[in-house]
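Me: I am new to this structure and would like to learn how its features are read. Could we go through them one at a time?

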Amino acid sequence: AVDYLSKIGINNVEEYETELRKYAISKLEELDNVIIYNKEAETGIITINVKGVFPQDEATYLNSKGICVRSGQHCAKLLLDFLKTVGTVRISLYFYNNKADIDQLVDALKTGGNILDAYF
């Protein structure tokens, strides 16, 4: 893995991840139903919630659309007390993601939100 990343160049990975994150934030900001908790972070992790939807339900719905996210408290209960929420949905971007992945996520967030949508 180290050799693979060395060939790509860790600076190239960071630059691409930063560009992809900016694109994702700009697209997510267009959605009225999405709360973004860490717009200014400098990592590939974006923490969101969909208004009125339990985070685990949103993660299940996104999974049904082929989008893998993490939901819950993320070993950070005190942070969630600060955010005043029971949990969040965490999107993790890296150099193997692309803008089409972001577009797929945004489209799912536009139409999803009801856990039953994943099954019916």
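Me: Where in the chain is confidence lowest, and where is it highest?

Reply: Where pLDDT is low, the predicted coordinates should not be read in detail. This is a predicted model, and the chain has a mean pLDDT of 91, with 92% of its residues at 70 or more. Confidence is lowest in helix 4 (residues 77-83), where the mean is 83, and highest in strand 1 (residues 34-36), at 97.

Me: How many aromatic pairs are there, and why is the pair of Tyr94 and Tyr96 given the description it has?

Reply: A pair of aromatic rings is described by the distance of the centres and the angle of the planes. With planes over 60 degrees apart counting as edge-to-face, the count comes to four aromatic pairs. The ring centres of Tyr94 and Tyr96 are 5.4 Å apart and their planes stand at 70°, so this pair is edge-to-face. Phe95 and Tyr96 form a tilted pair, with 6.0 Å from centre to centre and 55° between the planes. Together, Tyr4, Tyr94, Phe95 and Tyr96 make up one aromatic cluster.

Me: Which residues does His74 touch, beyond those up to four places away in sequence?

Reply: His74, which lies in the loop between strand 3 (70-72) and helix 4, touches Thr88 and Arg90 when residues up to four places away in sequence are not counted. The side chains of His74 and Thr88 are joined by a polar contact of 3.0 Å, while the C-alpha atoms of His74 and Val89, 15 residues apart along the chain, are separated by 9.2 Å.

Conventions
Residues are numbered from 1 along each chain as its sequence is written. This is a predicted model: local features need pLDDT of at least 70, side-chain atom pairs count only at pLDDT 80 or more; totals for chains, interfaces and linings use all residues. Side-chain values use heavy atoms; hydrogens and water are left out. Rings of Phe, Tyr and Trp (its six-membered ring) pair if their centres lie within 6.5 Å; planes under 30 degrees apart count as stacked, over 60 as edge-to-face and the rest as tilted. pLDDT is the predictor's confidence in each residue, from 0 to 100. Helices (H or I, at least four residues) and strands (E, at least two) are DSSP runs, numbered from the N terminus. Contact means heavy atoms within 4.5 Å. A polar contact is a pair of N or O atoms within 3.5 Å; within protein, one must be able to donate a hydrogen and the other to accept it, and residues adjacent in sequence count only if both atoms are side-chain atoms.
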